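Trainee: I have not read a model like this before. Please take me through a few of its features.

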Amino acid sequence: MSELVVEGLRANAAGEPILHGVDLRIVAGEVHAVMGPNGCGKSTLAHVLAGRHGYTATAGRALLDGRDLLTLSPFERAQAGLFLAMQYPTEVPGVNLLDVLGASLRAAGRDLAAGGPAALLSTEAERLGVPPALLERAVNVDLSGGEQKRGEALQLAVLRPRIAVLDEIDSGLDVDALRAVARRIEEATSDGLGVLAITHYTRLLGVLRADRVHIMIRGRIVASGGPELANELEQTGYEGWDRPAPAEVAVRLGRSF
Amino acid sequence: MPDLQEIFSVAYAAGLGGPDWLQQRRREAAEAFRTAELPSSSEEEWRYSPVSELRLETYRPAPSGGANGAAGDDTGPAAGPGELGTLRDRLAALSALVVTCDGHLVGAEITPEAAAAGLSVRPLGEETEPVGALGGVLDAPADLFGLMNDAFCTEPVMLEIPSGARLADPVAVVNVVRTQSLAIFPRLVVVVGDGAEAQVVNALVSGEGEVLAVPVAELDVGPAARLEYLNLQELGPQATGIDQTAATVATQGHLVIGLAAVGGTYARCRVDCTLAGRGATGDMSAMYFGDRDQILDFRTYQNHLAPDTNSNLLFVGAVEDRARSIYSGLIRVGPKARGTDAEQTNRILKLSEEVWADSVPNLEIENNDVRCAHASSVGPVDEDHRFYLESRGVPPDVAERLIVEGFFREVRRRLPVQSVAAGFDEMVRAKIGPEQ
């Protein structure tokens with residue numbers, strides 16, 4: 001059984017401290033939602049876990065089955081079983097999905113299955129309703145937001161990670177596409193995928209059932225609970241949760257805000 | 001060491017033989033060459049170029065007397081079409097193939113179908129009457145090297161596609177340089193008649209030796225004609241190439257010109273595309289890749305002389321190790337060229353810290369009713385592209401290779417004569433290094 005254990009994670013984005021100690025434990029098959037207002041550090045959490053340049057962990061650990069992801073390169077993290085579905089997937093001119101997934105599966109020694117990467121890709125594309133023509137095109141280039149998100153889900157399905165971080169996977173998707181993507185992710189969780197879904201709307205949780213919901217405010221998880229927490233949030237909004245810790249107030253005063 | 005004027009002498013030019021008109025033409029150019037000087041990098045057209053370091057006196061011209069005469073020298077048996085190796089395979093089906101080796105014509109083949117369609121392949125050394133097409137596009141040499149080509153070209157070749165003719169397969173002209181220290185001056189004239197359509201590949205190939213190649217091509221695209229022209233530069237690592245292509249496109253004519261340049265220690269390509277008739281179009285594309293200490297140098301001129309003319313230029317290159325690249329392009333719109341639509345884009349990928357790349361766009365516009373756009377980008381592999389691929393589990397070296405190949409994909413698909421250009425993916429792969 002895979003698990004991702006995040007302990008005391010502090011991180012900077014572009015040199016500014018954003019995460020002030022995050023703890024999470026996600027076990028295979030579980031869906032965790034991290035919710036919070038804009039700028040609370042949700043995307044920083046996603047990027048620092050994946051190892052994106054410009055995001056630096058300054059303290060803590062992120063253990064995926066005992067290996068600290070924070071010491072690995074982005075490629076090694078991916079090969080260790082982490083997948084990041086991006087909020088704004090990067091356009092890479094001239095490189096198509098088969099190039100990308102073929103290279104990744106080859107590196108993992110998984111390219112020898114029946115039909116190879118191409119067959120795997122077209123099977124999954126059909127399940128997600130991704131038109132075959134899209135597979136030939138450069139990844140994310142001139143695609144709608146919805147097509148990009150389907151592409152991210154498609155990659156998740158083909159790569160079969162142990163833990164997937166979904167950064168605003170619901171944005172840009174219409175209702176039908178959102179359902180298709182959520183269904184595919186749920187199938188993956190029943191095969192043992194652990195999910196960290198980052199979102200600031202409860203909309204996603206209408207289609208993707210979360211086992212745990214965490215509320216992130218100013219770089220900290222201020223509350224964790226079951227799915228009912230999302231309903232509570234719906235009533236209160238984030239404001240009710242925004243109670244900065246005394247230590248942080250001191251820091252902020254000290255920096256003469 | 002004997003001086004330059006003794007090696008590339010009037011007497012040598014006069015001894016190259018051929019019909020009187022051609023001899024006269026060479027002699028006049030050789031006379032002019034006696035007093036000409038190497039260009040200097042202080043001239044705009046040669047800015048950033050190491051041209052002043054060229055030691056022309058270290059080269060010698062091809063022995064006069066044709067391929068048989070050359071065989072008596074140290075060149076060994078003349079190369080034939082069978083010796084082109086992988087290039088011959090990459091050229092696939094052809095309407096005609098012309099091969100010169102060390103400056104001498106060693107083979108000219110034409111299929112019966114192409115001959116029936118009216119294609120003529122004419123070595124101008126066998127034409128007793130002056131052929132106006134030689135110098136028809138380039139009435140005066142653009143620089144010292146153009147002058148040398150006029151003076152010392154051993155075997156000018158003309159391809160003529162008569163009005164209305166359509167060739168099923170490309171015509172290929174391959175110039176091979178094999179002998180150490182040799183200088184060659186290939187000259188090609190392509191004339192495409194009214195409404196005719198043709199594809200031409202002009203290739204320049206050399207081995208390991210220090211050689212100098214100074215080719216000139218003149219392309220004359222007639223009214224409503226279409227020419228796809230691909231210039232392949234596959235010189236060896238010690239070779240110097242100074243190449244010029246000059247084209248003129250008549251009313252409603254369409255020229256698609258492509259360059260692929262990978263070889264040479266210093267290799268320059270200058271392209272002048274003149275849109276002379278109303279509604280003429282000139283599409284220009286190049287892909288180039290420099291490594292080691294190579295210097296690749298490109299100069300382009302999009303000359304709009306007539307109304308409603310279109311030009312679209314996309315030059316895409318990469319440099320790695322300590323290589324340098326220079327791109328300088330000018331869009332010139334004449335006073336009568338209202339309704340001009342001109343675009344010029346140059347993208348360069350820097351694959352190491354030690355490379356140097358210059359990109360200099362210029363506009364010269366004398367009419368208000370025009371649309372001109374230029375864009376250039378010079379930079380390393382985008383960190384976001386790299387991260388995206390690596391975060392999918394693509395190993396870093398493979399990610400870089402995919403990004404570089406992807407960077408060239410658009411221009412590779414735009415190149416003319418796709419049957420040949422498709423092979424360039426392989427060329428890019430070989431330059432990036434072996435897959436792990």
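Trainee: Which residues have the most contacts inside the largest nonpolar core?

Mentor: A nonpolar core is a set of buried Ala, Val, Leu, Ile, Met, Phe, Trp, Tyr and Cys residues joined through C-beta atoms within 7 Å. Buried means that 20 or more other C-beta atoms lie within 10 Å of a residue's own, and exposed means 12 or fewer, with C-beta atoms placed from the backbone. Here the largest such core has 215 residues, and A:A197, B:L227 and B:L255 have the most contacts inside it. Helix α9 (residues 396-414) of chain B gives the most to this core, with eight residues. Helices are DSSP runs (H or I, at least four residues), numbered from the N terminus.

Trainee: How should I take the numbering and the model itself?

Mentor: Residues are numbered from 1 along each chain as its sequence is written, and chains are lettered from A and ligands numbered from 1 in the order in which they are written. The model is predicted: local features need pLDDT of at least 70, side-chain atom pairs count only at pLDDT 80 or more, and totals for chains, interfaces and linings use all residues.

Trainee: Which residues of α3(B) are buried?

Mentor: An α-helix has 3.6 residues a turn, so residues three or four places apart point the same way. In α3(B), B:L22, B:R25, B:R26, B:A29, B:A30 and B:F33 are buried. Down the helix axis, these buried residues of α3(B) fall within an arc of 130 degrees (taken from the directions from the axis to the C-beta atoms), so they line one face. On the other side of α3(B), B:D20, B:Q24, B:E31 and B:R34 are exposed.

Trainee: How many residues does each chain give to the contact?

Mentor: Two residues are in contact if their C-beta atoms, placed from the backbone, lie within 7 Å. Chain A gives 23 residues and chain B gives 21 residues. On the side of chain A that touches chain B, α3(A) gives the most, with five residues.

How values were computed: Helices (H or I, at least four residues) and strands (E, at least two) are DSSP runs, numbered from the N terminus.
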